[in-house]
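Reader: I am new to this structure and would like to learn how to read it. Please take me through it one feature at a time.

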Amino acid sequence: MHTNLLKWSLLLSVVVVLCLSGASHAQLTTYQQQQWLHSPAASSHVGNLSGDARAAALPYRRYCVGCHGELGDGNGENAVWMPPPMFQKPRDFQLAIFKCRSTPTGTLPTDQDLFDAITRGFDRTNMPSWNPLTKQERADLVAWIKHFSPRWQTEKPGTPIQIPPEPEITPERVKAGQDVFAKMQCWKCHGAQGMANGPSASTLTDDLSQPIAAFNFTDGSRPKCGDTDRDIYRIFMTGLDGTPMPSFADNIKPEEAWDLVFYLRSLQPHNSFNAKEKQIAKQLGLKPVDTNAPAQ
Amino acid sequence: MKYERNRGLAAILATVVLFGVGAFIINQKASAAGEGKIAGTVKLDGTAPHMRGIDMSKDPYCSKAHASDPAHSENVLVGNGGGLENVVLYISEGLSADAANMKSTQVPVFDQKNCMYTPHVLPMNVGQEFKVQTSDQTAHNIHPEPNPLTGNIPWNQSQPPGAPPVVKSWKAPEMIHVKCNIHPWMSGWFAVVKGPYATTDDSGAYTIQNVPAGSYTVTAWQEQLGIQTQKVTVTAGGAAKADFTFKAK
């Protein structure tokens, strides 16, 4: 009787294990992730630093697990207190879809991209800047993040896009940038004045079907993926994966891209970084783009 | 006691291995010479669900394009005699490894026209290149939403007026929803399957060509009504018949 029970329970467990391995897409297990922890992908290279995932187990538990969760799926115990659209759900490292990349849409980010995101934090979210951690700790955390998803086992990060040196700003360039803004119809979401009130702004949803707002250039917000000129260039040329923001790499030429950066700067409130752009826009007497003009 | 447990485990393992080998042999046998086809119709049983009209007034270009012919959602399209359009038919079981890995060399086109997707469902093979183009004078973004853990990675590309086509392919079989964030009503599908496939026309009729002779399970997939399967046997030069009926929900 006892052995019979044992046999059946064994059979049952074998069946369950087989089912689980077949349904691995549905839910990753700690067991799989434990294996990936010892794979070459669970390391990082940022500048001359090398990160080791195993060194990040404790820092992750201390600083990250509350939101990103034990399995890195973004379901930490604090996640329920971050309802959209006020907040976005903590990043799901199992899917490995990242907004801030130097690599083309649909590819994995570089270690440097992840390192920069941890260092920078995300404006208007619950993700703070982790600049206070040492560089080594951050590099180790990058490696740790990469042990959560099977994608790092099979995929390589994309090739970072080429950003030509920033040209000198001229009135012609600011004007040309506005033409790009009109032609690419950025205003459909971001609004003619960059106030995030374009006709499509109210219905935007992210890849989890949660409402999401377009970036407002006029209220002093900092772009989530960095606020240097190069960061802004990168944002529209790579797209922010997982959000409605697409990549314009196939449609905006590199020199036009810099023009667009200058024009976007002129939409932002006065600050030390955009004094020239503001001044030029004022001298030109730039009016918001005409959203009723026929497409060029 | 310990011995008993080991024997049980061994028996289970042996069964698993036997089944595996058996399945392998059966798979090998299916790759016989000669090809036939599978044909039939897919119908809807019951009243066709109401397809909501689409308000495109947020984008004057789109609403103007539909001024005389209002647009409706296309989740369930019922044509002549209850025929269901845009159902994808493919072989879900029985294909030899060779047949499953064959990919069509055609480059199917997914067009953004009058702020709708044409066709609404684009079937293709794993690894087959397809093209996304725009015929519209308004900006679109083309945003497929596969599950990245299948191996298909989501991407999101803009297509302003006059933009060059985007050419891509997918790594794994999956029914991938496609959307445009700028026009939230735009909804389409990339149906990525292995082996020969077909979609139904407006009368619900389909023909899967170039099916190697053998016994198969045919699956019919409809985005809202789900899937149905049938077993068929295809002979060289013959046409197997498989009709499907979906119940209206």
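Author: In chain A, 17 residues of domain 1 are in contact with 21 residues of domain 2; two residues are in contact if their C-beta atoms, placed from the backbone, lie within 7 Å. This is a predicted model, in which local features need pLDDT of at least 70, side-chain atom pairs count only at pLDDT 80 or more, and totals for chains, interfaces and linings use all residues. Residues are numbered from 1 along each chain as its sequence is written, while chains are lettered from A and ligands numbered from 1 in the order in which they are written.

Reader: Which residues of chain A belong to domain 1 and domain 2?

Author: Domain bounds come from an automatic or database domain assignment. Here domain 1 of chain A covers 30-154 and domain 2 covers 171-284. Their centres, taken over C-alpha atoms, are separated by 27 Å.

Reader: How many nonpolar, polar and charged residues are on the side of domain 1 of chain A that touches domain 2 of chain A?

Author: Ala, Val, Leu, Ile, Met, Phe, Trp, Tyr, Cys and Pro count as nonpolar, Asp, Glu, Lys and Arg as charged, and the others, Gly among them, as polar. That side of domain 1 of chain A has 7 nonpolar, 4 polar and 6 charged residues.

Reader: At what angle do helix α7 and helix α11 of chain A pack?

Author: Helices (H or I, at least four residues) and strands (E, at least two) are DSSP runs, numbered from the N terminus. Axes are lines fitted to C-alpha atoms, for helices over the stretch in contact, and angles run from 0 to 180 degrees between N-to-C directions. The angle between α7 (residues 171-183) and α11 (residues 275-284) of chain A is about 80 degrees, and their axes lie 10 Å apart. That makes α7(A) roughly perpendicular to α11(A), a label given to angles of 65 to 115 degrees. P171(A), V174(A) and K175(A) of α7(A) meet residues of α11(A), including E277(A) and I280(A).

Reader: Why is strand β5 of chain B largely enclosed by the rest of the structure?

Author: A residue is buried if 20 or more other C-beta atoms lie within 10 Å of its own. In β5 (residues 121-125) of chain B, 5 of the 5 residues are buried, so the strand is largely enclosed. V121(B), P123(B) and N125(B) point one way from β5(B), and L122(B) and M124(B) the other way.

Reader: Which strand is joined to β5(B) by bridges?

Author: Two strands pair if DSSP finds at least two bridges between them. β5(B) runs parallel to β11 (residues 187-193) of chain B, with 5 bridges joining them. M124(B) stands opposite V192(B) in β11(B).

Notes
Parallel < 35°, antiparallel > 145°, perpendicular 65-115°, else oblique. Buried ≥ 20, exposed ≤ 12 C-beta atoms within 10 Å, placed from the backbone.
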